[in-house]
Each structure stands twice: as structure tokens, then as C-alpha cells.
Amino acid sequence: MIHNNADSSAARQVCFVTLGCKVNLYESDLMAAQFAKVGYTCVDREDKPEKPSDVYIINSCTVTSTGDKKTRQILHRCRRENPNAVIALTGCFVQAFPDKAKELDGWDILCGNTQRKIMLPLVEQVLTAGGKIVQIDEHTNDEKFESLQIPFFAHKTRAFVKIEDGCNRFCSYCIIPYARGRVRSKPITELKTEVAQLAASGYQEIVLVGINLSSYGQDLGLRLIDAVEACCSLPGVKRVRLGSLEPELLTHQDLERMAALPQFCPQFHLSLQSGSDGVLKRMNRHYDKAEYARIVNDIRDCFENASITTDIMTGFPGETDEEHIESMQFAKDIKLSQMHVFEYSPREGTAAAKLPQLSPQIKAKRTDEMLTVKHENEQAFLETQVGTVGQVLLESHFIETPVSLRAEGYTCNYTPVYIDFSPDTDKDTLKGRILTCKLTGIANGHAIGVPVNE
């Protein structure tokens, strides 16, 4: 079937649906920039567009089976919204499980992680001639970093910049090395060009992201700190933040160099996964509890008010009651400020999928127990922030009431903050601003901020 072949690009709307990590968000924005350049109207499905789109780009995630399920659901919903639309399915699910992707109903294009730069011509081809296209190439060991840059991020107050792709670690539960290939890094000159352009466009905060961000530079003879220092050296860059990190790749020297940079945000998302040494060993993680605790202590020695956030998995194959209790206790002892808690789900093709699995009931119970630790930790951290003064970057999300306009923002250490303004305040004057605020209390998982010297 030929789709809308009489329309021009300028008359078409393309809708992006992004599942998963910040790297996926960056790559969706990268594709959106390509479509916008030739006249497409680009919308995000989360913004609930007023009309169905002519083209849907679904950027999938396959870290967990939940991501796969969401991909299938979104594909069906988009097809129902516009039966005549061109629907392209891309991302990690397609790359890791091409045969399963081909079995799904409703797609016109299957595009792997190595072909995002040709998404536009693939869509144009189907719009013009109809048919279905499958473009999935395997990753290669000599693959280079995808050298594309994003000039803008629609509706965002911070700019995510992908500087690393791939992973060489092969944790026993993880499919991502197969979906993303080996480690490859953005050259420093390209990074500086992109970040300088984003700073000139008014972005207040740059967030460096990668599939295994801590491995940045392994292929270039560099380290992550080199990328951080390069960004902080550029005029107009006010804040630089890091995405998720593998903890043991941070050295004390790296931390000292980061602490010397006024623009660096002292929030470290150190991927823990489990607080049990036995489970960590079976996961093929490259650290134990003692090393993780040492790194956390090094961070707190180098930074006055750092926050440590993390991911914790429950119900890993073979996890005993004692190991689960050990993991919860470690999460309490280390005083994590935020925790992303999720159940283990087997991924076909990984070593852990071949191990005896725990029952759904046990995994659900342990997740609930770990969520209790999460909430206790987050409340305790917020209490330590009351009375401090911090720089709050205001987001684009607002809560309107008859008596106030409540803005949401984040401090340098990623403390979530509510700030109340008069109800007639123009929201456009607040978005993306950095305000100096005193944190005076806590409400609904946020600190309450009061602007000072404004």
C-alpha cells in the first residue's frame, strides 16, 4: 500500500514514541531534527497530539521484558490511531531480537540501532512506493561512534548529549551488549562543537549520557573526566551532569578533578544492582559491596553535598532470603538519595536466563520490601537538604491552583524542589531559569524552595 503519496513533507506530522533510557531520548531527538529539517511537524506522543500522525517512529527498549511488552502495546495503539500511517520500529528490541520484531503486526519499517541516520529516507521510500522495509545490520568490532549532532531539544530545559555507545562488560542478566555493540566514544572536538552550540542556544544544563558512560574514551585513549573538563571549559556552559555510571571505573583522581569544576553537578548515579556480594558475583558485576562503599565515601570526601542515586534489582536467579535482606541493609547503610527498584526479568540469550528462576510472587514481595527502603532513604535524604541553599533549574512542568503556580526544578545534586509563585506569573518567564533558593521544608517527595536575592 502507498501511504499519502500526494502529500508534501511540510504537510506531514511525525510522532516519536521513546521507551527506555536517556540515550534513546537523545537518539529520538536526533531523528526528529532530521525530519524537521525537511519540513515535517515533529510531535512527541507524551504531549498527546491533537490529531493522528502520518508517521510514527517507535524507539524501543529491551532492558526488561516490560520494555518489550510496552513496545508491542505502543505499536498496536499507533496502528489503531491511524491505520494508514507509516510506522517505523527501531531501537534495542529490534536490534537484539530481530526475528521477534518481524513477527509483530503493524510495522512498515524495522530499523536496527546502526541505521538511525537513514530513517528519513526509509520513511520517504515507504511513503512514496509502499511496501515493507527491514534494515537490521549486526554490530561490528570496528564500528565507529555515530557522528551526528542535535541543534535543539524541543520543550526541554536541559540538553542530553550522547558521548558513548556500546558495552563490553557482559553482565550475566544483560542483553544490551548485543543490542548496542562494543564501546565507542564521541571525539572531544565533536563533543565541544555540539555542546558549544547547545550553550549558545540557551541550554542551562548539559547531561552527558552513554550506554556505559564510565567507559567513555577507552577507544580513544581518554577517560570520562576528559569529556567533563572539555564541556566545562566552554563559554556559556553553566551546569554539567553525568548519566548512569559503572561505579568501579571512577577513580579518586577523577573525582578530585571533577570537584575542581564549578559547573559540575555532584550527583552520581552509581549502578548498584544488588547489595549482596553473592548476587553481584553471579551477576558478573565487577565490584563488591566494600568497593562500592569506598567509592561512595570518596565522593563524599570530595564533594560537600553530593547525592548518590542508583538502580537496584530484586529477584535475581538464586537470590536467597538472606541475600535479599543483605541487599536491603546495604541500601540503607549507604544512604542512597534516590533508588530505581525493578524486578529481574530473564532476557533470552543471557547467562542468567538459563539459571533457575524465582517465582513471580517472591519477586513481587521482595520488590515491595525494597520499595519501602527506597521511600525511607529518599525521605531521609530530603530531610538533610532542609535549610540548605541551592541553585534550582526550573523545568517545564507546572502545577496550577487558584492560589499559586507551583514550579518544579532540581538542584545541582538533583534534589527535586517545588517553588510557589503567584498564580498570574507567566510560565514562559520561568522555564529554564536557574534560581537561588533556600530549601525550607518537604512536600510530596520534594523539598520546598523559597527564592532568595531575586
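Tutor: The buried residues of H13 pack against strand S12 (307–314), helix H12 (321–333), strand S13 (338–343), strand S16 (416–421), S17 and strand S18 (446–451). Contact here means heavy atoms within 4.5 Å, and the helices (H or I, at least four residues) and strands (E, at least two) are DSSP runs, numbered from the N terminus. Keep in mind that this is a predicted model, where local features need pLDDT of at least 70, side-chain atom pairs count only at pLDDT 80 or more, and totals for chains, interfaces and linings use all residues. Residues are numbered from 1 along each chain as its sequence is written, and side-chain values use heavy atoms, with hydrogens and water left out.

So which residues of H13 are buried? They are Lys363, Arg366, Thr367, Met370, Val373, Lys374, Asn377, Glu378, Phe381, Leu382 and Gln385. Buried means under 20% relative accessible area, exposed over 50%, and partly exposed in between (1.4 Å probe, protein chains only).

The length of H13 (residues 360–385) checks out too: at 1.5 Å a residue, its 26 residues should span 38 Å, and the end C-alpha atoms are 37 Å apart, which agrees. That expected span is 1.5 Å times one less than the number of residues.

Just after H13, Gly387 takes a positive phi of about 100 degrees. Gly387 also turns up among the contacts of Lys438, a residue found in strand S17 (residues 434–443). Leaving aside neighbours within four places in sequence, Lys438 touches Gly387, Thr388, Val389, Ile448, Gly449, Val450 and Val452. For Gly449, the C-alpha atom is 5.5 Å from that of Lys438, although the two residues are 11 apart along the chain. Lys438 itself counts as partly exposed, because its relative accessibility is 39%.

Val389 brings us to strand S14 (residues 389–400), which gives three residues, the largest share, to the lining of the second largest pocket. A pocket, on a 1 Å grid over the protein atoms alone, is an open set of points where a 1.4 Å probe fits, with protein on both sides within 12 Å along at least five of seven lines; lining residues have an atom within 4 Å of a point. This one is lined by 17 residues, with Phe264, Pro266, Asn305, Cys412 and Asn413 nearest its centre.
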